[in-house]
Amino acid sequence: MAHQFPALTSEKKKELAEIAQRIVANGKGILAADESVGTMGNRLQRIKVENTEENRRQFREILFTVDNSINQSIGGVILFHETLYQKDSQGKLFRNILKEKGIVVGIKLDQGGAPLAGTNKETTIQGLDGLSERCAQYKKDGADFGKWRAVLRIDNQCPSQLAIQENANALARYASICQQNGLVPIVEPEVIPDGDHDLEHCQYVTEKVLAAVYKALNDHHVYLEGTLLKPNMVTAGHACTKKYTPEQVAMATVTALHRTVPAAVPGICFLSGGMSEEDATLNLNAINLCPLPKPWKLSFSYGRALLPTRRQPRRPS
Amino acid sequence: MAHQFPALTSEKKKELAEIAQRIVANGKGILAADESVGTMGNRLQRIKVENTEENRRQFREILFTVDNSINQSIGGVILFHETLYQKDSQGKLFRNILKEKGIVVGIKLDQGGAPLAGTNKETTIQGLDGLSERCAQYKKDGADFGKWRAVLRIDNQCPSQLAIQENANALARYASICQQNGLVPIVEPEVIPDGDHDLEHCQYVTEKVLAAVYKALNDHHVYLEGTLLKPNMVTAGHACTKKYTPEQVAMATVTALHRTVPAAVPGICFLSGGMSEEDATLNLNAINLCPLPKPWKLSFSYGRALQASALAAWGGKAANKKATQEAFMKRALANCQAAKGQYVHSGSSGAASTQSLFTACYTY
């Protein structure tokens, strides 16, 4: 017996699936340009530029007004709230510039971390209150996808069952609410690279996290064909002394994914974390050449790895 | 090996446990006076009083300035945000009036429902964003406990696994955050009485819900000794044609509780739902006389069942203050006796006390 209370009509499912496919079609990926004001401040400080709204606007204008052929590589751009409403120097809204290039506009939806008491400083993510109303407004204002980043850490007794479960659940609630409002949810459960753990341990943890995420998405009646996954690649921790090749990273990553991510998910767009631009590209290439079953598109959703301001990999925090 | 990352220090645990025990000591219970503006509007409309801030303030003033002996029956009062900052006609803060009577002040913390897509119109509760900061402020402003009401419904495919799990999880997050800020969380997973299901079905559902709630509280490292539970009694649905006695309600209720609620929980303070004042008291009394193991205090956290007669007596007129206070005091005393299994039904209750207070799909 089919589900008696379907979350979405056939039309709504079709719309979501088409948006998701459009973003990752033909090798296209995502520009994650959704740095919050504070984070943008860090980036600008490194190049000795003042963190003003105008400077942030100018930098984004330069990126978004690039030649239209960018739409062969970039299927979607994630924006921060401020940027969704900014305009170029002729007064044209950024979101319209992007849409006219055939690029799908997305919006960051999470609202920062909150501590999980009784854990080793682990966190969950806030942002569910009033989320439906916010999504409806963003959809009206031109967004077609959302993004929500959950953070898990490898450390002594981390990630704990509670952290995995709570972050997976919040991701699933967010995803459900997005879909109710016509936004494709990008689901981002990032296992951060801080620490000295090896590749195998990251793979183990990533599998546990992704299994929990997909169980939660199923519990919350999320339509997988209308979602995208934004996971970490499986890598050793930043402080791990052993080094691995892109092929090893690729094998560990695709192994983890094909054990946990259902084929219904149209695309997996990796985050770059603290990787250098070159490593992010080499690893993605190796992932696409990995000889395991790969029923989803394997693409990118890069912030730092796409921005020319970066020269060195992020130092461990 | 003990928990390596304890959520609370011994001192914090002690403080929370003491607050919880103080609220339910010696048969005391809770006055749920935390009706939102809209809900208060419904109450006032019934007695043809306009829903203004001043009228709400006046009614609460009459209740809170009752004789000090109220502190024998009432251990805690739950307030709505507005009321925490209101004053009596001499300019004295309500919260200080209550504290001086030795009554613990609580604050409603949930912020309304949100739909769960893919279910038969089920909901979860909002209010977790920024909750820690709100709790810290309320603690500074005199609150020592919080309250969060989750709502589950019995219907076709309800409550679903998702609704149970999601509401239990939100309750557990709320409880954890409260405790981090020195507030005792009252955990309220209400299975509402709407529907025509019988007593046995309500018991079955209540057990499932409470099991999920206590698993979630455990997962979230909530210190049970520093919490209180505010459940529904187990009753048939309002539209059920079969009627049950207080003893049957009591047996079903205590059976469900003793299968799911750990003995570490110091007190269980029932909500009155839509029960009449008298039924709420009779049922509570029968619960306390039920011959099953009952390691927790079994008391009350009543809104409508403590205030219906008082509201009727007041009618919006200051001249009725004394009658209003008498009506309130009478119900408080009756419920305190019931919480000790000592209530004797006098048979001379007024019309308001036997009147059903049921509102379909009740939201605060």
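Tutor: A:Arg173 forms a salt bridge with B:Glu166, the closest N and O atoms being 4.0 Å apart; a salt bridge is a side-chain nitrogen of Lys or Arg within 4 Å of a carboxyl oxygen of Asp or Glu. This is a predicted model, in which local features need pLDDT of at least 70, side-chain atom pairs count only at pLDDT 80 or more, and totals for chains, interfaces and linings use all residues. Residues are numbered from 1 along each chain as its sequence is written, chains are lettered from A, and side-chain values use heavy atoms, without hydrogens and water.

Student: How many salt bridges does the rule find across the interface of chain A and chain B?

Tutor: The pair A:Arg173 and B:Glu166 is a salt bridge. For the interface of chain A and chain B, the rule gives a count of 2.

Student: What is the area buried between chain A and chain B?

Tutor: Buried area is the accessible area (1.4 Å probe) that two parts lose on being put together, summed over both. Carbon and sulfur atoms give 43% of it, and the total is about 2400 Å².

Student: Which residues of chain A lose the most area to chain B?

Tutor: Three residues together account for 25% of what the side of chain A buries. They are A:Phe5, A:Asp129 and A:Arg173.

Student: How many residues of chain B are in contact with chain A?

Tutor: Contact means heavy atoms within 4.5 Å. On the side of chain A, 33 residues take part, and on the side of chain B the number is 33.
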